[in-house]
Amino acid sequence: MRSSISLGSIFGVRVGLNVSVLVIVAILVLGLAYGRFPRVFPGHSPGVYLVAGLVCAVLFLLSLLAHELAHAMMARRNGIEVSGITLWLLGGVAELRGEPRSPGADLKIAVVGPVASIVCGVVFGAIAWLFSAVAGTPLIAGIFAYLAAVNVLLAVFNLIPAAPLDGGRVLRAALWARWRDRTRAALTAARAGRLFGYVLIALGFVEVVTGGLQGLWLALIGWFLVNAASAEEQHTQLGSTLYGLRVRDVMSGPPVTAHPDETVTQLIDRVVLRRRLSTYPLVDERGVFSGLVTLNRIREVDPADRAVTTLRDIACPPADVPQARPDELLLELLERMYGCADGRAVVLAPDMRLIGLLTPSDISRVVATAGLRATDPYGRPRGADLTVPQQPPPKHHHHGIGPK
């Protein structure tokens, strides 16, 4: 879930909004300002209800942010890098670049989010009581009472034992501790998440058929859970398949290179039409890596401009291209393979000489042939009835789903 609007950083964690969050803000504001608040707290002008709805929506987003920040801070305490937090249509996502190394750490990171939501609920509930009992302002008390109830509901919902919900992480940690096999535990939690998602879709469909439009929201959450759980299962299986492999085992090389001052037309005539490669690293006259050009970037250049456009003009800068050493673990490199390099990485020798490339085709090939090796990634004969040591998938997200 990509961030569209940057909100800066909190405690060093990048925070952003996906544009889809505007949808849930609109739903909350309209539903509260023209539905719940006028019905429960009559006697105010439309403008007052609108302001109350806006305040409630903003505070709800802040409580979601608190939920995800709790995940992020606990992950950092356990040695996991946090790329950022994004608030979107169905809640929040904390992107963790790595996985917990023990069931205990996994449990702490999972539980702290719902705990933060419960704390928010208690705080909002106390404020609601103060405005109701002391200040005598029912509408303001109603805003905080609503936020208290939603945060408690958010915590309870997220503790359902189904990945990618926080409860799925709790289930994974418990099974990991019991089975001593994180891969098996993660697959079980992901499959539970997919099953729960299908249940929500079915319930949503039944509610829509019986005349309840709220069923559309249930079905949307269920669809998200099915897709997220399926992706998590695939990532776990990928991590198990690639465990133990080094970059040198997968990379292709030596690569066909080009000079940064070469034009797009020259590269097309010299290499592209003959070799049909998809990736062209740039190397200057000193042999220094100077950027990366992919076939997609070449296609984006207008044919009329290709003769005067240099490869330097369209290349992904070297600082933005993931760089690896041949003996680096493949899974560690995969965590960095994103951005303008289109999923490519360059492999450099200790003297910074370019010796190879890693592309999506290389990854697909090793995955497709994984079952053909006589031994598994752990060096054991295939078919051995042994517990597989855990290796986390390349990337992990903590999701907070906000029931509306």
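Q: What counts as a helix in this chain?
A: A helix is a DSSP run of H or I with at least four residues, and helices are numbered from the N terminus. The model is predicted. In it, Leu175 has its place in helix 5, residues 166–179.

Q: Why does Leu175 count as buried?
A: The cut-off for buried is under 20% relative accessible area. Leu175 has 12% relative accessibility, so Leu175 counts as buried.

Q: What does Leu175 touch, not counting residues up to four places away in sequence?
A: Leu175 touches Arg180, Ala185 and Thr188. For contact, heavy atoms must lie within 4.5 Å.

Q: How many Å separate the C-alpha atoms of Leu175 and Leu61?
A: The separation is 32 Å. Along the chain, these two residues are 114 residues apart.

Q: What makes helix 3 roughly antiparallel to helix 4?
A: Helix 3 (residues 103–135) packs against helix 4 (residues 138–158) at an angle of about 160°. Their axes are 7 Å apart. Angles over 145 degrees count as roughly antiparallel. Therefore helix 3 is roughly antiparallel to helix 4. The crossing of the two helices is left-handed.

Q: Which residues make the contact of helix 3 and helix 4?
A: Helix 3 brings residues including Pro114, Gly121, Phe124 and Phe131. From helix 4 come, among them, Ile140, Phe144, Leu147 and Asn158.

Q: How do the residues of the contact of helix 3 with helix 4 divide into nonpolar, polar and charged?
A: There are 16 nonpolar residues, six polar ones and no charged ones.

Q: What makes a set of residues a nonpolar core?
A: Its members are buried residues from a list that includes Ala, Leu and Phe, joined through side-chain atoms within 4.5 Å. The largest such core here has 59 residues. Phe37 and Leu147 have the most contacts inside it. Helix 2 (residues 46–77) gives the most to this core, with 14 residues. A second, separate core has 17 residues, including Val250, Leu333, Ala345 and Ala349.

Q: Which residues are in contact with Leu147, leaving aside its neighbours within four places in sequence?
A: They are Cys56, Leu59, Phe60 and Phe124.

Q: How many helices and strands does the secondary structure of the chain come to?
A: The count is 13 helices and 10 strands. The C-alpha trace spans about 80 × 60 × 45 Å along its principal axes. Of the 404 residues, 50% are buried.

Terms used
Residues are numbered from 1 along each chain as its sequence is written. This is a predicted model: local features need pLDDT of at least 70, side-chain atom pairs count only at pLDDT 80 or more; totals for chains, interfaces and linings use all residues. Side-chain values use heavy atoms; hydrogens and water are left out. Axes are lines fitted to C-alpha atoms, for helices over the stretch in contact, and angles run from 0 to 180 degrees between N-to-C directions. Angles under 35 degrees count as roughly parallel, over 145 as roughly antiparallel, 65 to 115 as roughly perpendicular and the rest as oblique. A crossing is left-handed if the near helix is turned anticlockwise from the far one by less than a right angle, and right-handed if clockwise. Ala, Val, Leu, Ile, Met, Phe, Trp, Tyr, Cys and Pro count as nonpolar, Asp, Glu, Lys and Arg as charged, and the others, Gly among them, as polar. Buried means under 20% relative accessible area, exposed over 50%, partly exposed in between (1.4 Å probe, protein chains only).
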